[in-house]
Amino acid sequence: MQLMELQPGNKAVIRRLEGGRTVLSRLAARGFTPGAVITVLRSSDHGPLLVSLRGSRVALGRKEAAHIVVSFAENEKPAEAEATRPGKFSIALTGQPNVGKSSVFNLLTGLNQHVGNWSGKTIDCKIGGFNFKGAGFSVVDLPGTYSLTASSAEERMARDYIIKEHPELIVAVVNAATLERSLYLVAELLLLSVPMVVVLNMTDVAEQEGIQVEPKVLEAALGVPVVSMVAAKGSGLVDLEETILRMANHEISYQPKRPSILPAHQTVLDQLRGFIGTYVLPDYPEEWVALKLLEGDEELTGLMKSAMPAEAWENVHDLLYQHEDAILDIAGARYEWVDRIIRAAVVEPKVTRVGMTARLDRVLTHSFWGTLTLIAILGGVFWLTYKVGSPLQAWLSQLINLLALMIRSRWTQAPNWLVEFSAGGILGGIGMVLTFLPILIIFFAILGFMEDTGYMARAAYLSDRWMHMMGLHGKSFMPILLGFGCNVPAILGTRIIESRRARLLTTLLVPLVPCTARMAVITILAALFFGPSAFWIAWGLVGFSLLVLAGLGLVLHHFLFENEHVPFIMELPLYHLPNLRTIGMYVKDNVLGFLKKAGTTILVATLFVWALSYFPTGKVMTSYLSMVGKFLAPIGGWMGMPWPFFVALLTSFVAKENTVATLGVLYGNLNVLKTVMTPAAMLAFLVFQILFIPCVGTVAAIQQETKSWKWTAASVGMQLALSLGSAVAVYQIGRLL
């Protein structure tokens, strides 16, 4: 039967996988191989399945589940298989997602780290260093990857760095609580020529689940050094540093016990190596390339095809075509190798393991109670963000205004343009943007807490059924949620999505999420326009923008992306106590990224718009910007708004809060705004504001992530059309009521 036919609580054994090589490779890398025991934990008619596999909880899209054929089995287990340095010593830190790799990196490097780019790549990675007993070490924190058969840009970067940049040591972090899953990547890394140290992390979480891992037995079974750690508590750091130093000084014998391919395909592997031997690209191990070709690795297949003559590649293609099922044998052999190690080094409870994670997930992954909990948590997030952050933001805003007033009052001898350049251009633009830092810090801290405890994966699982309607999956929920804080880091957050199509679609939708700056503008203007009804107007506008987001997602999915399916396979990590150091680093990186944008792209754009609003007369009402506003006045008539409101919208391209500042400059007193327009026009303006094109920082982020001015222009154009069309419709309908 198909996996989807199983009911929650049913246990079965995977018999075969159906589908193309890409599907088989993706499933096999996550542990879905013939002979593996799988248990369905949750299932619904529309959302993804939640299954237990190889000691982990995995969320699986329904279309992915359709490729898995299983049969019932009681207590059935998979069958056993047959039988002194110049410069700093370079370390590549790697591991699967949710193994605590970031905690290990932060523990090793402390504050001696920065975000950089590997030469020739645009994906950011963390780079740090540390000194131990007089020796210097550099560490590159590679993106998390489930296997070396990469399916995303980040995973390809992690693989290519190890192969092409020749680090002197690999530190592979594994999760002691889900060791069976974590060791799959180790099995692949052992096939490379780079020495390796295995970090057995999160042993405290394993103990909570009743699992005992013997580090020395694991070390003997792998043939590589193993260091036990609880990185979240700082435990095991000195042991890791000592082991790294000894490996650097060649004081530890390195004799890895590598997994081997099953005999059924050994002959095929040897034949394939003979075909490609003279054409393998530099830096790539020949046997490893042959294995990846058998596994159906798309990137390496393309590289080898372009490197080989057509007639030579034809032999390779024919051999691969005859053995499309080789990926299952290869992955199966690795998991059998893992099983032997697990049996030797791990003691699991004899009674069925029902730890903290299983108990919590009975509620937190439930379709009804889990959704209610998610809504309550999100409500609490926004309540706390605005309850604590808004007063701080208001205080900073007053401070900026005071500084601007001091400049205008004391720089009496300076040229007027310089005074306004400083007070109105720099402080009025960048200064106002920086006032939102308290809100962003709180928001990022809460998101970091949710991510580090393991709850964010549950949020993605629960939201998948709604994301799926737009051609997305639950992973798109995270950057969309982040967009409520700021659209810039939300756009950057789409990197967690493997599929380029899903990443692009999410990027196009994120700017429709009302960020803190938009919400601040809506809150202020709604209060001015509608008084006691402002609360309901503001939340109605937020709901309306999210409906527009969902509608646009449906349209783009069905017409632009032709209903292309996005695969959804995501591990649900065990719940654990958060690491405050890791959360702090997460907040720091995101805030610094925001400040970098504010100090570069946003600053330039701010000063450009300020110049348009100041020259040639020094007054906004007779500036170049006002000329543009007056030119667009006929369009404003469709919405019942005078041209100064259009000018205010144009200045919001720099920073959304500029809308209020510009209206204050143009009208002198914001209280007169409600006398300028009718209620229908006021509502139309608010609709225009919440759907209007994003700020310049977000546009820059879109171009950076898509690497396409075409898609950037398409994003801006779509929002301009949506905001204009919606505002006109609201005004025209409002006039009739």
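This report walks through some features of the protein structure shown above.

## About the model

The structure is a predicted model, so local features need pLDDT of at least 70 and side-chain atom pairs count only at pLDDT 80 or more, while totals for chains, interfaces and linings use all residues. Residues are numbered from 1 along each chain as its sequence is written, and side-chain values use heavy atoms, with hydrogens and water left out.

## The whole chain

Let's start with the overall picture. The protein chain has 32 helices and 15 strands; these are DSSP runs numbered from the N terminus, with helices (H or I) of at least four residues and strands (E) of at least two.

Of the 737 residues in the protein chain, 56% are buried. Here buried means under 20% relative accessible area, exposed means over 50%, and partly exposed lies in between (1.4 Å probe, protein chains only). The accessible surface of the chain comes to about 30500 Å², and 61% of that belongs to carbon and sulfur atoms. Such areas come from the Shrake-Rupley method with a 1.4 Å probe, and for residues only the protein chains shown count as cover.

A search of the whole structure finds 15 salt bridges, each one a side-chain nitrogen of Lys or Arg within 4 Å of a carboxyl oxygen of Asp or Glu. In one of them, the side chains of K292 and E188 meet with N and O at 2.3 Å. K292 lies in helix 10 (residues 286–295) and E188 in helix 5 (residues 179–189), so this pair ties together parts that are 104 residues apart in sequence. Both K292 and E188 are buried.

K292 also forms a salt bridge with E295, where the closest N and O atoms are 3.4 Å apart. These two residues are 3 apart in helix 10, which separates them by about one helical turn. E295 is buried, and so is K292.

What about E287? Its salt bridge partner is R273, with 3.9 Å between the closest N and O atoms. E287 lies in helix 10 and R273 in helix 9 (residues 263–276), so the pair ties together parts that are 14 residues apart in sequence. E287 is partly exposed, with a relative accessible area of 38%, and R273 counts as partly exposed at 29%.

## A nonpolar surface patch

W395, L399, L402, L403, L405 and M406 make a nonpolar surface patch of about 560 Å². Patches are made of residues with over 30% relative accessible area and no salt bridge; like charges are joined within 9 Å, and nonpolar side chains (Val, Leu, Ile, Met, Phe, Trp, Tyr) within 5 Å. L405 is found in helix 15 (residues 369–410). Because its relative accessibility is 54%, L405 counts as exposed.

## A buried leucine

Now for another leucine. L666 sits in helix 29 (residues 658–667). At 11% relative accessibility, L666 counts as buried. L666 and F645 are 21 residues apart along the chain, and their C-alpha atoms are separated by 9.1 Å.
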